[in-house]
Amino acid sequence: MKFPFPYTPYPIQEEFMAKLYQVLEAGKIGIFESPTGTGKSLSLICGALTWLRDFEEKKRQEEARLLAAEPEGKEATEWSEKDSTESAHSRGSSAEPDWITQFVQKKEEREAAHRLKEEQIRRKRREERLEQIRHNVQLKYASKRRRNEEEEMEHLLQLSRDILSNQGESGGLEPLGQDEEDLIPAEYESDEEKKVGSRLSDEDDEDLEEEHVTKIYYCSRTHSQLAQFVHEVQKSPFGKETRLVSLGSRQNLCVNEEVRRLGAVQLINDRCMEMQKNKHEKKSTEEKETERKKRRLSRAACPFYSYEHMQFLRDEVLVEVKDIEELVALGKEAKACPYYGSRFAIPAAQLVVLPYQMLLHEATRNASGIKLKDQVVIIDEAHNLIDTITCIYSAQVHGSQLCCAHSQLSQYMERYRKRLKAKNLMYIKQILFLLEKFVTALGGNVKQNPNTQSILQSGAQMKSINDFLFQCEIDNINLFKVQRYCERSLISRKLFGFVERHEASGALRIRPEEQKMAGLQNFLQNLNEKQRKEGNPQSPPEEPDDGPPKMASPLMHIEGFLTALTTANQDGRVILTRQGTLAQSSLKFLLLNPAVHFARVLKECRAVIIAGGTMQPVADFREQLLTSVGVDVGRIEEFSCGHVIPPDNILPIVLCSGPSGQQLEFTYEKRNLPQMMEETGRILSNLCNVVPGGVVCFFPSYEYEKQVYLHWEKTGLLTRLAAKKKIFQEPKRANQVEQLLAEYAKCIKRCSHAGATMTGALLFSVVGGKMSEGINFSDDLGRCVIMVGMPYPNIKSPELQEKMAYLDKTMPKTAGQAPGRMLIENLCMKAVNQSIGRAIRHRKDFASIVLLDHRYARPAVLNKLPQWIRSRAQVKTAFGPAFAALRKVSGQAGLC
C-alpha cells in the first residue's frame, strides 16, 4: 500500500505506517516503538491520516449506496402504505411474521437514509463555508470589518460617558455615596451575549456545531512537543487539507493580559471562570437586584469572550493548520478567546492535538467537549504513561490549605446563613466537618494557626481508603454526594468570589501571620510583574520550582482529594505525612491501579495507539494498563522497528570491569567505596582521551553525583579530566538548563577548531533529571553516553513498597519473578533507556554507549534494552578490549 509522504520513506517507516493502518482498520490497541531520528511523527501523521481519508471515502460510498437504494416520491409513499398494510395483516393473522421483520428492516433503512441525507447537507454546508473562507477574501475579512465597527462604536460610547462625567463634575454635583453607587444600572448587554454557549447564532453555525466527525486525537507530554507535531503536519502532504485544532491550557492560550498577569495556573483558571460567568449568567430580576448591591470592580467580564468573534476564530482554525502560538496571535487579532474558540472547532476537526492531561483526565475531557466514542486516540511519548495517569488521579493537600479552606468556608456560611437553602447549608456543614477531621488526623486543630502548630509524632503512615475514613470518623458521610454537590454548586468558585470581594475591604478575618504572608506574596507578585513588563511581556510567566502552588481557592484543590477518596478501596491508599508544623504536614492519595481510569478511554475509542521512542520494557503497559482490565490479548498489537543508522554508527558496550581490573558493581552498599569511585574516574579519563566532542555521563542520583565529584576533586582526578574536556554539571533548577546547554554547545564548537587545547566538554547528568528526557545530544553534543551503575528507585519509599505489594497481590508471576520485583527492574531500565536514547538523533549521527556495571550483562536485563541497541550491544568483561573498540569507533568518526 502506498502512503503519501513528503519524501521517499525509509523501509522501517513504510512498515510502521502499514502496521498502524492495519491496527486502526481492525480497531485494535497498538504499542509502537520507533527510535528518535527514524521519523516517528511523520509516520504517525501519514499513516493515520491516510487511514482517516480512506475511512471517510468508504463512508461516503456506503452513504451513496444506501441513498441510491432508498425509494423516492410516490414510490416511497406506496412502499410505506404497503408496509403498513402488510404489517396490519401480519398482526391480524399472526401467520406471516416475516412481514413484520421486513417492515421493521425497511423502516430502519428509510430512517438511516434520512439521517444520512441530513448529515450530507450539514457536511456540504460546512465544506462550502470553509471553502468560501479559504478563497473569498471579502468574506474572510467581513468579520474583521464588523469588529472594527464595534470598536469604533465602543469608542464613541466611551467619549459620551466621559463628556457626561465631565459635565457632572463641572456642574458641582455631589459625589455619590457607596449605597447610591449601587443604584447605577449595570453596563448593557445584548441578548446574544447573554445566551453565549447556550445556542448557536445561525443555522450554519448550528450545523457546524452539532456534527462530531470521525477524528484522531493526538496527545503528547509538553506543549513544545505538540507544536513540533503540528509543524510536521504542516510540512506533510496532508498539511493543506486537514482540519486540525490545537487545544491547550488557559495559561498557554489566554490573551487577556490582566488574567495572564496572575501567573499561577489555578489563579488564571479561577479568574477566567469568574469573568465568563459574569458575561452570560442568567438571573431573575430579584437576583439581579441583589447582585447589583454586591457588585465590585472585579466583576468585570472578559472582553475576549465574544461568541461571534470566537466563531470567526473557529472557522479560521478549521481553514488552515495552526499551532498554539499562531492560535494565540489570531486570538489577539480577532479579539477572541483562543481557549474557548478552539473548543468550538472540535466537532468538525479531523485531527485534535492536545496535552496528556486534557485527554486522560475524565472531568477535564468532558469539560473540554471531547467525545471519544468511536474515535481514534494516539498517545505519543508514552514511555511514562502509567506514571502520568497515576499522577493525574493522585492528590495531595497540606495542613495549611485545610485550615485556610475551613476558615474561609466558615465565614462564608456565617455571612450567608440566612440566605442559604437547607440542603446548601447541610452540605457546607458536611464539608466543614470533613476539613476539621482531616486536620485532626494530622494531629492539629483547625481553629489554630497551622504555621505555629507543632506536630509531636512525625513520620509517614500508609492507610487503605476505608481505614482512613474510619480513623477520621467520616465513614458515615456519603462522599459521592458531597463530591457531586461541589461539582454542581460550584461552591469553591463561589467561595473564591467571596474571599476576593471581602478580603480587600477588610471584612474577612485573616490571622496576622497569614496576612504577613499574603502581603509578601503580593509584593513578590508585583515585583515579578514589573520585571516582566521591563523584559518580554509576551513570554508566559514561570511558576516557581519549589513550594506549594499558589492557590486562589484552597477548597478547589481539596475537592480533588475528596474525589480521590471515592476510588475503590483496593485501588488506592492514603499517606498521612506528619512533619514539623501542621502547615507542612499533608494527606496524599496514591492511585495504585491506573488501569481503572484508562479503561474508560479504551472502552469508548475505536482504536488506541500508544507510541514512543523507547517503550521497552513493554510488559508494564500490557499487564498494568490493558490485560488487568480485561482487554483481550488478541486485541493488543506490538510493533518495534530498528534504527535508520548504519550498524557501524553505534557501539553499545556493557563494561564489567575497569582499567585496574576492579569489578564494576554500583549497588547501594558498594558504590560509595573509594576504589569504586576512583575506577569510574579512570574509565572517564581514558574515554575523554579518545572520544571527540561531547561526553555525557549519567549518575543514578544528585547525591551520588555530588559525592563522586567531591572525591575526584580531592584526589586531583577532576583536574586531569578538566585538562582534556571542560566540565559541566546539570543544574537542579529547570530555568538554568537552557543556559547551561548553550554554554556546553559553544564550548564543544570552540574545541572542534584546529589548534584547540581541549577536545570538547564533559557533562555530568542525573538519571530522571533535567537532561535525561526531552534533551537532544545530537552530533558532537553526545559522541559518547556513559551510564554509571543501574538507577534502581528507592526501595524504602513507602509509596513504592505499597505499589509492589499491590502488584504482588493482583498480578501473576512472570518467569518465576514476583511482579513487585519486576516493577523495580522495569522502572530502572525505563530510566536507562530514556537516558541513553539522548545520543542518536538522526540518520547520519553516530555515538558510543557505555554501561558501567556487570549486572547489565544478565540476559533478563539486556532483553529490556531497546531492540536497535540490544542487537548491537557487546559485553566486555575486561577494559582493554572495550577501550580498543571505542578508540577504533572514535577514530573512524574523526574521519567522517
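**Backbone, helix packing and cavities in a predicted model**

Pro617 lies in the loop between strand S10 (607-612) and H29; helices (H or I, at least four residues) and strands (E, at least two) are DSSP runs, numbered from the N terminus. The structure is a predicted model, in which local features need pLDDT of at least 70 and side-chain atom pairs count only at pLDDT 80 or more, while totals for chains, interfaces and linings use all residues. Residues are numbered from 1 along each chain as its sequence is written, and side-chain values use heavy atoms, with hydrogens and water left out.

The peptide bond that joins Gln616 and Pro617 is cis, with omega at about -10 degrees. Lys335 is placed in the loop between helix H16 (324-334) and H17. Most peptide bonds are trans, and a negative phi is found in most residues other than glycine.

Axes are lines fitted to C-alpha atoms, for helices over the stretch in contact, and angles run from 0 to 180 degrees between N-to-C directions. Helix H30 (residues 674-690) packs with helix H32 (residues 717-724) at an angle of about 15 degrees, and their axes are 9 Å apart. H30 and H32 are therefore roughly parallel to each other (angles under 35 degrees count as roughly parallel, over 145 as roughly antiparallel, 65 to 115 as roughly perpendicular and the rest as oblique). The crossing of this pair, H30 and H32, is left-handed, a term used if the near helix is turned anticlockwise from the far one by less than a right angle, with right-handed used if clockwise. On the H30 side the contact (heavy atoms within 4.5 Å) is made by Gly681, Arg682, Leu684, Ser685, Cys688 and Asn689, and on the H32 side by Leu717, Leu721 and Lys724. Four residues of the contact of H30 with H32 are nonpolar, three are polar and two are charged. Here Ala, Val, Leu, Ile, Met, Phe, Trp, Tyr, Cys and Pro count as nonpolar, Asp, Glu, Lys and Arg as charged, and the others, Gly among them, as polar.

The axes of helix H22 (residues 422-441) and helix H24 (residues 479-489) come within 11 Å and cross at roughly 115 degrees. H22 is thus roughly perpendicular to H24. This crossing of H22 and H24 is left-handed. H22 contributes Asn424, Tyr427, Ile428, Gln430, Ile431 and Leu434, which meet Leu479, Lys481, Val482, Tyr485 and Cys486 of H24. The contact of H22 with H24 holds eight nonpolar residues, two polar and one charged.

For helix H21 (residues 399-416) and helix H27 (residues 554-564), the packing angle is about 120 degrees and the axes are 9 Å apart. The crossing of H21 and H27 is also left-handed. Gln401, Leu402, Cys404, Ala405 and Gln408 of H21 make the contact with Pro554, Leu555, His557 and Ile558 of H27. Among the residues of the contact of H21 with H27, six are nonpolar, three are polar and none is charged.

Four cavities of 30 Å³ or more are present in the structure. On a 1 Å grid over the protein atoms alone, a cavity is a set of points where a 1.4 Å probe fits but cannot get out, and lining residues have an atom within 4 Å of a point. Grid points are joined across faces, edges and corners, and a volume is the space filled by probe spheres set on the points.

The largest cavity contains about 130 Å³ of space. Its lining has 15 residues, and those nearest the centre are Cys254, Asn256, Cys272, Cys302 and Cys337. At least two residues of this lining come from each of helix H13 (265-280) and helix H17 (338-344), and H13 gives the most, with four residues. The lining of the largest cavity comprises 12 nonpolar residues, two polar and one charged.

The second largest cavity has a volume of about 100 Å³. Residues that line the second largest cavity include Asp620, Glu623, Leu807 and Met822. Helix H29 (619-626) and helix H35 (819-836) each supply at least two residues of this lining, and the largest share, four residues, comes from H35.

Conventions
1 Å grid on protein atoms, 1.4 Å probe; cavity = no way out; pocket = protein on both sides within 12 Å on 5 of 7 lines; lining within 4 Å.
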